[in-house]
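I opened this entry to note what I looked up, step by step. The structure comes first, then my notes.

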Amino acid sequence: MKLWFKYAGIILRSQMQYKTSFILTAIGQFLVSFSAFMGIYFMFMRFNTVEGFNFSEVLICFAVMLTSFSLAECFFRGFDTFGGIISNGEFDRIMVRPRNEMLQVLGSKIEFTRIGRFLQAIIVLSYAIPKSDIIWTADKIITLCLMIIGGTFLFAGLFIIYAGICFFTIEGLEFMNIFTDGGKEFGKYPLSIYGEGILKFFTFAIPLALIQYYPLLYLLGRTDNTLYMILPVFGILFLLPSYILWRFGVRHYKSTGS
Amino acid sequence: MVGYIGPNGAGKSCTIKIMSGILNPDSGTCVINGRTPWKDRINHVREIGVVFGQRSQLWWDVPVIDSFELLKDIYKIDEKQYKQSFDELVSLLSLESIIKTPTRQLSLGQRMRCEVAASLLHNPKILFLDEPTIGLDAVSKIAVREFIKYINKDRKTTVILTTHDMQDIEALTKRIILIGKGKILLDGDLNALKKQYTKHKIITVEYSSGMPDIFDGLTVLENTNNRYVAALDTGCVSVSSAIAMLSESFDITDISVTSASVEEMVISMYREHNI
Amino acid sequence: MRAYFTFFKIRFINGLQYRAAAYAGIATQFAWGFMTILMFRAFYKSSPENFPMTFEKLTTYIWLQQSFLALFMAWFFDNEIFDSISNGNVAYELCRPTGLYEMWFVRSLSSRVYRVVLRCAPILIVAAFLPLPYGISLPIDAATFLLFMLSMTLGSFLMVSINMTIYASTFYTMSPMGIRILFVSLAELFSGAIIPLPFLPDKVHRAFNLLPFASTQSTPFLIYNGYLSGESIRYALLLQIAWLFAFVLFGKLLFRNALKRVVVQGG
């Protein structure tokens, strides 16, 4: 909506007031993901393949996850830090404005510094894509785009779930990091390498595999099943349960105050 | 213009939250502008303004005017009306010099004036003020109070105020509602309540010579340097009798009679209702 | 000396109150350790001959790393210290009859230690009972264990002394962001937190070993799991001591110079 762009404008202007801090933080983000990349690089210098995937294939996986995560962190940061919004009373202010609450939370924080991570991801992608053996036909490109979009909304959904839980308690929510940061961290390798159980969990419970592993198989030409290509859409559908939890949380807030 | 007073925990904040639509009560009705606040949140809050004393609604690092512009978009205020509101508020609250300053660089008093302006940009019919003058210096307090009086009178904006600052109450409200333990204990005119709850006045006499006798109903508070201050129990002795008695004891050069402060009134109200 | 100890105790007890967060943190770390081990297992299955150590040694390393995470985390800074330097409150701290460096050292150390104490025991205990290749192995012998404890102490002190130089840099630049970000982003890689250093290519491994970061967490863990032995342990310990000495000296020097300036400027 147009209002979101206005929010983005004011936030960008706010962050630009602190130019050095902005640039340094973005550089830091870049370096941190660079370290992660180096981790993979060094592992593959020693081992040639892991569970049948080679270096460039893993890189595509890594880059897609990093792109999705950085996009989600950039645009949905308001939900990711929702604990603060509740505890300092900012949500009351949101409730007193004649606009949809989610839109306002979205507009409350947009972290442009994540561009550092995003840049790293793009660089890795641009290295991995030519290096891989994939023949980039239209359907493969669509798969890749869907993976990124699906992944972004999946992480967004996780952030929204976190925010929803914040309405009930702020204590001990660190465990959500297992799925958000953990998803990004361990998603840099195709989820199949962790074993059957993990793959099943990330297929049916938190559909990370639907945006990473299965479409990747299609991308790499290991399967011709076009169903795998559109599985990422289910990642987007993950927003549904997230939204329900959010509304549930708002209702709870409205009946208990703070 | 209504003032809500009551001890902490009595339910003042909850009342404001219910009226602004933030909180859903378990039972009871509330109708504002023909709506139930929590059932039609977006339409309801479009017509109200809220100032939370301790928390700012302005964006911190950008000039105040940028915050105002964004509020214009949030409230979907049309261009002409915005300009009108904006010009009026800026001149009434003397914001010309600070409107382009980032919020973080403003003093508390300046920020509060901007906050009040921000809450009125969309011309709300009702303004809720939750501790608006807390922490302000004297000059800013007066400026804010004058402004609130003005919009109440001139723009016919309903103002609902909760505060612990008794001078706010004294300066602004005619009607006050006392809340205690979640119930309305009193709802009445300020002056009438003052008369009801404070039965004493303070008499200050400056004299050139003389010695006071002991009078019933007059409790001496201070008598030094030819200045005599006493509390007069008006239930016991009328003001005119007291003045007559005192002029017999003293050669009075100056005399003043003041009613008890709102603070004292509130304290006795609390005491009577056991809160 | 007793003042420091009391101070340590106070902050320690204060921190123990945050238990819900601690439980969630423990769960998170379990998941992390678990997934990391699974990842290494996948690589092991593909070519076990390229593994620089036995799988048991690797799992032991990972669990040690998770248990003692709080001691060696690179991103953990006390914001109060940064603030007190930039807004001048440090002047108050100088009025106390204890050295500023020592005070902040103890403070940083105690913050890390109480976090560790809350989390390490549950993780270690459960890890000890996991089926063999996946769990943590018991110490090889008493001597190795003692050397491990010594190395851990040196390593954590070193970590804090590195922190102290970062705090000290604030006196000189008034904006700790840049150095801090650089430090945090690279320290993880250099200290073996991303992948244990023995997995790196030989030349890189040897280069990283010379850096102070390796002497924080990598050394003690590699002593415990038996990767280092005999002569190499001695060498590693000496390196730790050398770096600790260097950083404490450097840190104290930075502090002394900075404080002279502070006093001259009048705070």
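I began with the two domains of chain B, whose C-alpha centres lie 43 Å apart. Domain 1 covers 2-189 and domain 2 covers 199-259. These bounds come from an automatic or database domain assignment.

I noted the ground rules next. This is a predicted model, in which local features need pLDDT of at least 70 and side-chain atom pairs count only at pLDDT 80 or more, while totals for chains, interfaces and linings use all residues. Residues are numbered from 1 along each chain as its sequence is written, and chains are lettered from A and ligands numbered from 1 in the order in which they are written.

**Chain A overall**

I checked the secondary structure of chain A and found 16 helices and zero strands. Helices (H or I, at least four residues) and strands (E, at least two) are DSSP runs, numbered from the N terminus. The C-alpha trace spans about 55 × 40 × 35 Å along its principal axes. I compared the radius of gyration, taken over C-alpha atoms, with the globule rule of 2.2 Å times the number of residues to the power 0.38. A compact globule of 258 residues would have a value near 18 Å, so the 19 Å of chain A agrees.

I then looked at burial. In chain A, 48% of the 258 residues count as buried. A residue is buried if 20 or more other C-beta atoms lie within 10 Å of its own, exposed if 12 or fewer, and partly exposed in between; C-beta atoms are placed from the backbone.

**Where the chains touch**

Which pair of chains has the most contacts? Of the two pairs that touch, I found it is chains A and C. Two residues are in contact if their C-beta atoms, placed from the backbone, lie within 7 Å. Here 33 residues of chain A meet 31 residues of chain C. H2(A), residues 19-46, and H10(A), residues 181-186, each supply at least two residues of chain A's side. The largest share, 15 residues, comes from H2(A).

I turned to chains A and B. There, 22 residues of chain B are in contact with 17 residues of chain A. On chain B's side, the largest share is four residues, from H3(B). Chains B and C share no contact, and their closest C-alpha atoms lie 16 Å apart.

**A strand in chain B**

I followed S2(B), residues 48-52, where five of five residues are buried. B:Ile48, B:Val50 and B:Phe52 point one way, and B:Gly49 and B:Val51 the other. In a regular strand the side chains alternate between the two faces of the sheet. Five bridges join S2(B) to S3(B), residues 126-130, and the two run parallel. Strands pair if DSSP finds at least two bridges between them.

**Nonpolar cores**

I ended with the cores. A nonpolar core is a set of buried Ala, Val, Leu, Ile, Met, Phe, Trp, Tyr and Cys residues joined through C-beta atoms within 7 Å. The largest has 194 residues, and those with the most contacts inside it include A:Phe62, A:Tyr162 and B:Ala117. Helix H9 of chain A, residues 138-166, gives the largest share, 14 residues. Beyond four places in sequence, A:Tyr162 is in contact with A:Phe79, A:Asp80, A:Phe82, A:Leu173 and A:Met176. A second, separate core of nine residues includes B:Tyr207 and B:Leu246.
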